[in-house]
Amino acid sequence: MLASILASGLAAGAIYALVGVTYNTMFSTSRVMSFTAGQLAMLGGVFGSMFTLKLGMPIVVGLLLTLIGCAIIGIITEFVAVRPVLKSLDQHLYVLSTLALALMIQQVAAIKWGTEPQPFPRLIGLGSGVFDEKFWLPVVACAITILGLEYLYRRTLVGRAFVAIAEDNFAARALGLPERNLRVASYALAGVVGGIAGFSGGELLLAFFANGALLNFYGFVPVALGGLGNNRGAVVGGLALGLFQQAANFLVGGIFSSVAVFALFIVVLLAAPQGLFGASTARRV
Amino acid sequence: MTAVTATPAHQEAGAIRAALPQLAPFLGILALAVMLPFISNDYWALIGTRAAIYWVLVSGLNLVVGFAGHLAIGYVALLTLGAYTTSVLVAGNVLPPVPVFAALPVAAIVGAMFGVIVGLPALRLRTFYFAMSTLGFATIVTQIALAWQSVTGGGIGISGPEFPAPFNTAWGFYFLCTAFAAFTTWMSANIARSRFGRALIAVRDAEVAAEATGISKPKMLIAIFLFAGALAAIAGGLFASLQTYITPDAFTFDLSVLFFIAILIGGRGSILGPMLGTIILTILPEIAAPLAAWSTFLYAVLLLVIVLVMPGGIAALLDFRNRRPLASNRAILPRPAALADIVRQRAGGSALALRDISLSFGNVRAIDRLDLDVAPGQIHGLIGPNGSGKTSTLNVISGYYAARAGTMTLGDAALPPGMPALRAARGIARTFQTPRVIGEASVLQNVMIGGTIEGRASFVEAMLSLPRNRQDERMLAAKARGLLGVVGLEPLADVRADRLQHSELRFIEIARALMLDPDFLLLDEPAAGLSSDEIERLAGLIKAISGRGTGVLLVEHHADLIFDICHQVTVLNLGRTLAAGTPAEIRVHKEVVSAYLGG
Amino acid sequence: MAISRRDVILGSAGALGAATFSFPKPAIAQTEPIKIGCLAAMTGPSSAPTIGFNRGVYFAADAINAAGGVKGRKLEIVMRDTQGDPTKAVNATQELISQAKVHGIWGPLNSGEALATTPIMARAKIPNIHPCVVETLIDTTKFPNAFRMAPSNSQWDDAVRNYCLNILKVKKIAVIGDTTGYGVTAVGASVAAFKKDGADVVYQANIDATQPDMTPDLLRAKNAGAEVIVVWSVTTGMEARMFNTRAAMNWDVAFVGHPSLSSGEIAGLVEKPANWEKVYAIGYKSVSYDGAGKLPAKTQDLVDRLAKAKVAMNDTLLWWIAGGIDAIELFAKGVETSGSTEGPGIVAYLNSLSKYPGYFGDYTFNPTQHNGYPTDEIVMSQASTARNGTFALAPGYT
């Protein structure tokens with residue numbers, strides 16, 4: 001029993017963490033929290049199922065096309081819902097524009113893809129029971145993504161430019177960094193991360209349009225717990241959330257587990273609005 | 001004092017005449033609503049009732065979203081709560097059955113309480129976080145309705161309450177709901193037009209300035225969350241009756257999105273706009289039936305278009321008055337003499353004293369052991385190079401920063417560190433380096449915000465427009481108009497503040513600060529960006545203010561202005577006092593001359 | 001239609017304050033079409049049954065119209081998409097009654113919608129035939145106009161219980177549902193009924209349909225000694241996960257329960273076809289084939305006719321199509337027998353039916369009993385044996 005809670009908890013937690021990283025990646029270059037983060041992960045599953053099962057492509061090609069598709073949706077997010085409202089960031093119009101875009105993505109997915117969960121292919125065919133690939137794939141994907149991002153941010157020029165913009169947008173622009181292009185790139189990157197979340201979690205969550213709203217919330221919780229923009233916090237928060245949720249499923253049953261998760265979320269937010277690992281806010285006056 | 005106590009009767013009639021163009025659309029909608037039974041059938045009675053019920057909820061939510069600017073996207077939670085509370089009470093599942101007209105007020109009380117609980121995170125959480133937390137509440141309420149089977153009927157649900165005759169027919173119920181809608185419109189309009197409504201917008205658009213005028217954000221928000229929660233719960237009770245039967249799946253997220261988007265389509269800070277938005281969104285899916293599957297998609301497109309193309313919503317489209325061009329050659333012509341009619345003459349009074357104040361940010365010492373005295377009726381200049389701690393000093397006095405060490409006293413009483421919202425009550429008013437005015441409010445409203453704490457009417461009195469609130473409003477409006485005359489902006493009183501020039505905003509801030517009739521006025525670079533003519537008039541104005549006994553602390557870079565009008569000058573450098581004395585002394589102070597005046 | 005509606009509007013506008021007068025019916029009514037309103041969740045999460053029903057509805061209407069209609073009057077189907085949303089269903093019902101002025105209403109299927117619309121139809125006294133399983137929808141005093149032509153939930157429950165206790169002969173039962181309104185209620189009712197019959201309910205749970213892993217619940221059911229798992233849910237994704245988990249656990253317990261266990265989508269969701277075996281879903285004798293693969297003669301005849309009319313059957317259930325046909329034919333017969341489209345006539349006709357031979361079953365209604373479907377028609381079928389929307393009987397039936 002404990003093993004199965006651990007397996008499914010870590011798997012779900014890894015997916016939540018990846019969605020959290022998606023939020024953070026978009027936030028880092030634009031200071032925008034986007035409602036499309038969860039939808040990107042949903043599309044990861046839907047695109048994956050569409051390319052590999054419906055269109056019968058090999059898994060690797062399907063993965064590649066899925067990630068490209070999600071990256072394009074990420075770029076569309078930047079162009080449609082983020083760029084036009086950046087100049088008045090303090091009015092928080094991005095909450096509305098990204099919500100609108102997220103609703104549109106979800107609705108089109110529901111109508112074009114269908115409202116029933118649809119199958120996702122078995123990717124490797126390795127493991128069974130609690131060691132089934134559907135449990136460890138998201139965890140591995142999460143680990144690889146995090147390591148990849150760390151490498152990108154620390155060792156590559158583009159990654160360092162991302163970090164520079166995340167730390168001080170104004171100064172970075174003054175240094176002549178192509179802030180706009182970097183922002184577009186970071187949204188594409190966020191799309192890829194979301195796509196990885198959906199694709200690696202496809203066997204667990206299936207290709208289902210309603211996963212978007214679900215992951216939007218459960219992916220946001222790790223961000224709130226770990227502190228905005230803090231990827232390591234998101235991973236810790238995500239895994240903790242996954243384990244907590246599966247344990248609650250086990251202990252108090254389906255109906256009350258979402259109540260438990262939400263109660264935890266609110267309590268932590270009220271106690272530590274900056275998250276458990278977050279930094280304090282800037283000066284107001 | 002003549003301007004303040006102008007004859008009320010005359011003003012009342014004038015006010016009604018002035019309000020008529022704003023009132024007309026509401027009366028038109030009401031007239032259409034009354035005519036509906038004669039031109040249509042039960043189906044349109046249902047749709048009309050639905051629009052009225054949704055508006056009962058939206059009229060409250062509008063104050064939260066449109067006025068206070070909190071993005072509560074999960075308000076269907078409170079509709080659910082009200083629907084179940086009313087239905088359960090009427091059905092008698094827990095207590096003996098209650099008549100529906102008794103159940104509705106109970107639901108309203110429950111709704112008000114939960115409105116605060118749902119809204120509480122807004123006091124600490126930022127926009128996106130708050131949106132997410134309301135979304136979470138929406139999910140939870142449905143889950144609880146499902147799980148609590150013995151009371152709510154679980155998935156099988158529960159019958160909605162039935163209203164007694166004559167409200168048990170389609171049209172009877174329609175008129176009942178329309179009456180509710182008209183009543184809530186009136187109440188929410190009363191709040192919106194009162195100092196509470198202005199304070200909400202102030203907290204939304206200029207939170208820092210709102211604090212300086214003594215507006216308490218938690219109190220404001222709790223009041224409107226109570227109000228919006230109660231209305232949402234009443235709407236829920238009516239909704240349950242309209243549906244005849246409620247199950248958890250009737251309370252969809254789409255419904256929540258409808259409420260939310262209706263407000264944004266309508267436009268922030270408007271009542272007519274969201275009302276039209278609600279009506280349009282209720283009817284739209286009916287006349288576009290073939291597009292039923294796409295209705296949420298259409299809402300989303302509408303939302304995106306509104307945000308990107310028309311952020312002002314319907315209200316901005318209908319705002320013809322603010323499309324008239326303003327005179328381009330207008331000048332600010334203060335009439336300092338008129339100050340005598342509005343601001344009381346002080347004799348003596350206590351001094352504001354800072355002793356040994358220190359403040360640091362990390363390792364940087366912004367203020368280092370500063371002593372400063374501002375005497376009543378005196379103008380005290382505070383100068384120094386950038387980063388010398390001038391604005392930091394103002395912020396310590398007005399409570400935005402808590403000094404690490406040192407004491408502040410006002411007369412004999414200590415001024416507690418921090419707590420900016422309590423400064424206004426102590427008679428300290430201020431302006432800001434970058435003017436913090438509410439762009440979407442009129443100039444007059446911006447100034448009236450300064451007097452928020454002077455109002456005596458309670459929130460409930462304002463909601464019901466009782467005499468004390470009307471008195472407050474008359475008093476504040478007359479005083480604000482008078483002060484606009486003093487600072488020379490009277491002709492622009494009804495113009496949206498975001499259409500004004502930078503220099504005019506500076507004078508608005510002074511007028512707003514004077515609304516408090518302050519003992520001490522802190523001015524943060526009031527001359528920045530002003531022409532030399534304007535600076536001259538500003539000097540006259542400041543002198544007149546101190547002439548009424550108000551102590552002025554003036555942070556400024558314009559040395560001429562400082563030396564021209566100040567009684568005392570303190571020169572800061574690196575957070576420390578470099579020199580202090582009369583202008584004549586400072587002018588010849590060696591270090592000051594070499595370090596700062598560059599002479 | 002637009003003109004006649006405007007006439008009505010002008011008429012009532014002219015009669016301000018006299019709205020209660022009813023005007024005499026125009027004499028030309030006899031050539032007007034018979035309008036049957038349909039409340040159908042054609043899009044949205046629970047649209048699969050409606051899509052099947054609608055094929056039957058249009059098939060029946062076309063057939064009747066092709067044969068000259070009812071006493072020369074054509075049938076007109078007025079379809080309204082409610083998306084499974086009770087709010088939209090209430091609007092659509094009132095629109096059908098007051099604006100489209102239909103003579104009878106078919107549907108809705110979804111319980112939340114049916115619970116909200118039934119009182120509205122009762123207020124308007126409009127004849128209503130529906131297939132919704134919720135017990136309380138049939139109440140001949142409150143809703144004398146509402147008739148159910150499909151089994152009620154307790155009939156389903158009886159059939160499932162009968163199969164578990166008398167055919168499978170097991171005593172230790174686990175009951176699992178999803179967290180939707182239907183799942184929560186059905187599990188509660190099922191558990192109570194099992195206990196009343198002396199069975200041992202060793203495990204009961206409502207699982208969030210999005211829960212990624214079913215192992216904890218199935219493990220607990222297994223540890224509690226369950227010999228059969230009764231499932232009350234419409235969520236195919238969750239059901240498929242349970243089948244896969246059962247296989248992973250090497251457990252050979254049987255699943256018995258809701259018809260959706262046999263839903264075609266599950267074929268793609270189970271990891272291997274074998275996982276879907278030993279799953280018995282509610283089915284009906286009329287649409288089940290026996291060991292020799294033969295359908296009842298009347299049903300075979302219908303299948304042939306549907307095939308000729310090119311009505312797709314492979315992606316839906318035959319009983320949905322048959323039910324849609326029966327409903328429309330009942331309305332048509334009601335108008336034909338009573339000689340008018342007036343509500344009371346149609347209701348009186350329906351109340352007079354005894355073993356009316358429909359395709360889906362034989363319906364019996366009388367003024368105090370509007371549950372028209374016979375319980376003995378309900379059987380268990382093998383979930384994975386779909387063939388043109390029909391199923392093989394579960395083991396144990398002859």
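Which residues of S5(B) point one way, and which the other way? In this predicted model, Ile379(B), Gly381(B) and Ile383(B) lie on one side of the strand, while His380(B) and Leu382(B) point the other way. Residues of both groups are buried.

**Strand S5 of chain B**

Strand S5(B) spans residues 379-383 and is mostly covered, with five of its five residues buried. S5(B) pairs with strand S10(B) in the parallel sense, and its pairing with strand S11(B) is parallel as well. The table sets out these two pairings, each with a pair of residues that stand opposite one another.

**Contact between chains A and B**

The contact is made by 30 residues from chain A and 32 residues from chain B. On the side of chain B that touches chain A, the elements giving two or more residues are the helices H5(B) (127-147), H11(B) (253-266) and H13(B) (295-309). Of these, H5(B) gives the most, with 13 residues. By residue class, this side of chain B divides into 24 nonpolar residues, seven polar ones and one charged residue.

Key:
Residues are numbered from 1 along each chain as its sequence is written. Chains are lettered from A and ligands numbered from 1 in the order in which they are written. This is a predicted model: local features need pLDDT of at least 70, side-chain atom pairs count only at pLDDT 80 or more; totals for chains, interfaces and linings use all residues. Two residues are in contact if their C-beta atoms, placed from the backbone, lie within 7 Å. Helices (H or I, at least four residues) and strands (E, at least two) are DSSP runs, numbered from the N terminus. Ala, Val, Leu, Ile, Met, Phe, Trp, Tyr, Cys and Pro count as nonpolar, Asp, Glu, Lys and Arg as charged, and the others, Gly among them, as polar. A residue is buried if 20 or more other C-beta atoms lie within 10 Å of its own, exposed if 12 or fewer, and partly exposed in between; C-beta atoms are placed from the backbone. Two strands pair if DSSP finds at least two bridges between them.
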